[in-house]
Amino acid sequence: MANIAEIDTSRLPRHVAVIMDGNGRWATSRGLDRSAGHVEGVKTVRRITEAASETGIEYLTLYTFSTENWNRPKAEVDALMHLIVIAIERETPDLIKNNVRLRMIGDVNRLPAEARERLDRCIADTAACSGLTLTLALSYSSRWEILEACRRFATDVKEGRKSPESMAADADFEQYLTTASMPDPDLLIRTGGDHRVSNYLLWQIAYAEIYVTDTFWPDFSREDFFTAIANYQNRERRFGLTSAQIK
């Protein structure tokens, strides 16, 4: 296990994305209802947000609720949506205190109207913060995002604001993504032990370093987070080049 003193602050990932997996399995392994795992997972969100802010990470993006999650049992979806809203409202004063700006990406039109309005208020309340940007991927899937970006570009072409030839580079496409204002993730952390990216930031993680741990999200500690950062710092990022070319 690493601690913050072992982190080289001159080589931090600017953007860390997290797949927070294992809440339900954490609960069922203890004979609890799955919702208990989501409640415990909220505590982990708080401590990892604090750890990221303390370390000097600029962007932290959390896979909070996927478009596929809408297919879960209605009782679990309703409980999780209620929990997300309550938790964010409760944490907003501390986010402001710690200079953390809150954002939300995803197909938010699918969110219940009241939930979206309440989350929008929290986002507005933190808009002036200039430290860590905490982004919640809510009702999010990367395939939805890419298709939506294509639709928006097609609309711009149809209405004469763009031509097909104007889509000439990665940056031309990236301006249509929900993450347009952020750098791509340098590090993707997945808890819970599964080795897949689950339709999350597929365009953006093209060259991200991937760190998987068997630890369920409710048990993921500050030390676990620092261990992931230390592991990242021991890797050689080549972006398609050879080792000799980057030295």
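Predicted model: local features only at pLDDT ≥ 70, side-chain atom pairs only at ≥ 80, totals over all residues.

Biologist: Why is Tyr200 called buried?

Modeller: Its relative accessible area is 0%, so Tyr200 counts as buried. Tyr140 also has a value of 0%, so Tyr140 is buried.

Biologist: What makes the pair of Tyr140 and Tyr200 edge-to-face?

Modeller: Rings of Phe, Tyr and Trp (its six-membered ring) pair if their centres lie within 6.5 Å; planes under 30 degrees apart are stacked, over 60 edge-to-face, and the rest tilted. Here the centres are 6.1 Å apart and the planes sit at 90°, so the pair of Tyr140 and Tyr200 is edge-to-face. Tyr140 is in strand β4 (residues 133–140) and Tyr200 in the loop between β5 (187–190) and β6 (209–212), 60 residues apart. Strands here are DSSP runs of E with at least two residues, helices are runs of H or I with at least four, and both are numbered from the N terminus.

Biologist: Why does the pair of Phe153 and Tyr176 get the edge-to-face label?

Modeller: Their ring centres are 5.7 Å apart and the planes are at 75°, so that pair is edge-to-face. Phe153 is buried at 13% relative accessible area, and Tyr176 is buried at 6%.

Biologist: Now the helices. Why are α2 and α7 called oblique?

Modeller: Two packed helices are described by the angle between their axes and the distance between the axes. Axes are lines fitted to C-alpha atoms, for helices over the stretch in contact, and angles run from 0 to 180 degrees between N-to-C directions. Under 35 degrees counts as roughly parallel, over 145 as roughly antiparallel, 65 to 115 as roughly perpendicular, and the rest as oblique. Helix α2 (residues 34–55) and helix α7 (residues 222–233) pack at about 45°, with axes 9 Å apart. α2 and α7 are therefore oblique to each other.

Biologist: And what makes α2 roughly parallel to α3?

Modeller: α2 packs against helix α3 (residues 74–97) at an angle of about 25°, and their axes are 10 Å apart. That is why α2 is roughly parallel to α3. Among the residues making the contact are His38 and Val42 of α2, and Leu80 and Leu83 of α3.

Biologist: How do you know that Leu136 is buried, and what does Leu136 touch?

Modeller: Leu136 has 5% relative accessibility, so Leu136 counts as buried. Leu136 belongs to strand β4. Contact means heavy atoms within 4.5 Å, and Leu136 touches Leu62, Thr64, Ile88, Leu102, Arg103, Met104 and Ile105, leaving out residues up to four places away in sequence. Its C-alpha atom is 5.9 Å from that of Thr61, a residue 75 places away along the chain.

Biologist: Last one: why is Asn23 called buried?

Modeller: Asn23 has a relative accessible area of 12%, so Asn23 is buried. Asn23 lies in helix α1 (residues 23–28), and its contacts beyond four places in sequence include Arg34, His38 and Trp217.

Methods:
Residues numbered from 1 in each chain as written. Heavy atoms only, no water. Buried < 20%, exposed > 50% of the residue type's maximum accessible area, 1.4 Å probe, protein only.
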